[in-house]
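Hello,

Here is the structure I promised to pass on to you. Have a look at it first, and my notes follow below.

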Amino acid sequence: MSEPNSPDSLRAGAESNEQFLSPDGSISTSEDSREQDLPDGEVIEVDVDLASVNPDLADAGTVAEIVAADREIRAEVGAPLLEMKSVTMQFGGLTALDDVSFTINRGEILGLIGPNGAGKTTAFNAMTGVYRPSSGSVEFDGRALGSIKRNEITRRGIARTFQNIRLFSDMTALENVVVGTDARHRTSVPGAILRLPRHRREEKDAIDRGMALLEFVGIGSRATHQARNLPYGDQRRLEIARALATEPKLLCLDEPAAGFNPAEKEQLQDLIRKIRDDGFTVLLIEHDMRLVMGVTDRIVVLEFGRKIAEGLPQEIAQNPAVIAAYLGVPDDATA
Ligand SMILES: Nc1ncnc2c1ncn2[C@@H]1O[C@H](COP(=O)(O)OP(=O)(O)OP(=O)(O)O)[C@@H](O)[C@H]1O
């Protein structure tokens, strides 16, 4: 029998739960393509020794520094990071996106909203490499996403969370985040087996960074709890921490407030602002209008696959086309 959290047990656990670990650190279920499975010959080992956790992490400044380590986003705030250029997406006879163009600028929180079936998820999937547009293009960080693999998109700096939480439920919170960190620091099989110094150093860095991320999202005290035992809101925070572990330039949140009570939504707003203030760019798809209006810098509105409005939250709240599309939502938005 393999050791707990050894590469073998990780694979076995993933298979028995019908979950697959992708090289980008995300977890896919059996519904998704096996393309996301861990490639042969690569090891993601999670072996967390809490004695080696950096004691300085109690200090918020240190946490922010570690979380933000290699980014230079502040210097470029406002420049385009992701550009949707005349993207059309057809499924058979159905046009889910019709000539949609918009930009996500560095350092902003962009809200993508619209009634059910408007094309938000399709746009999100086009941006994260799940779908390739029927026509048009998506440029990220100055390069077209078109011809690269889905996993490569994460390596280039786009991370996402899912409407349905996807965690390794038997692993601790810290291990779940370390898996995401490891997605960027994979050691070769011989390196991991022999526990070479470089491997051990990477592992310690991953643990420090994992702890910093848990502190950052507000669940540092739950580091050793199994993901399955975390309260629902903490599981959502853990998903965000794991997405941040891949050191993204763009963090895409797909309905992160689903199932939250009002107090949890307030806390989520604070966390999303904190993520932006730490230098990340955030794309938010969310049905809760109060949250969207309260936290975003700009909003793009889709209806029937078309962009019908784009602007500041207060402009969007008063836009007649948006009000007509939503029928009844303006009350919520201004409540
Ligand atoms: N893989 C697919 N195959 C066929 N049709 C699809 C596919 N994905 C989305 N669609 C269709 O495209 C349209 C836009 O769907 P999409 O899920 O992008 O909307 P949405 O704005 O995210 O809606 P919701 O808020 O309900 O999640 C819908 O009519 C949907 O049925």
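Of the contacts in the chain with a separation of 6 or more, 69% are between residues 24 or more positions apart; two residues are in contact if their C-beta atoms, placed from the backbone, lie within 7 Å. Please keep in mind that this is a predicted model, in which local features need pLDDT of at least 70 and side-chain atom pairs count only at pLDDT 80 or more, while totals for chains, interfaces and linings use all residues. Residues are numbered from 1 along each chain as its sequence is written.

The chain has 13 helices and 14 strands (DSSP runs numbered from the N terminus, with helices being H or I of at least four residues and strands E of at least two). Buried residues account for 41% of its 335 residues; buried means 20 or more other C-beta atoms within 10 Å of the residue's own, exposed 12 or fewer, and partly exposed in between.

Not counting residues up to four places away in sequence, Leu251 touches Ala159, Ala243, Leu244, Ile275, Phe280 and Val282.

Leu238, in helix α8 (232–245), counts as buried because it has 26 C-beta neighbours inside 10 Å. Beyond four places in sequence, its contacts include Leu167, Ile219 and Leu230.

Now to the ligand. Among the residues surrounding it are Phe91, Asn116, Lys120 and Thr121 (a residue is near a molecule if its C-beta atom, placed from the backbone, lies within 6 Å of it). β5 (94–105) and α3 (120–127) each give two or more residues to this shell, and α3 gives the most, with 3.

β5 also belongs to an open sheet of 4 strands, ordered β5-β4-β7-β8 with antiparallel pairing; two strands pair if DSSP finds at least two bridges between them. β5 and β8 (143–144) stand at the edges with a single partner strand each, so one side of each has no neighbour in the sheet. β4 (80–91) and β7 (135–140) pair over 5 bridges, and Leu82 stands opposite Phe140 in β7.

Best wishes
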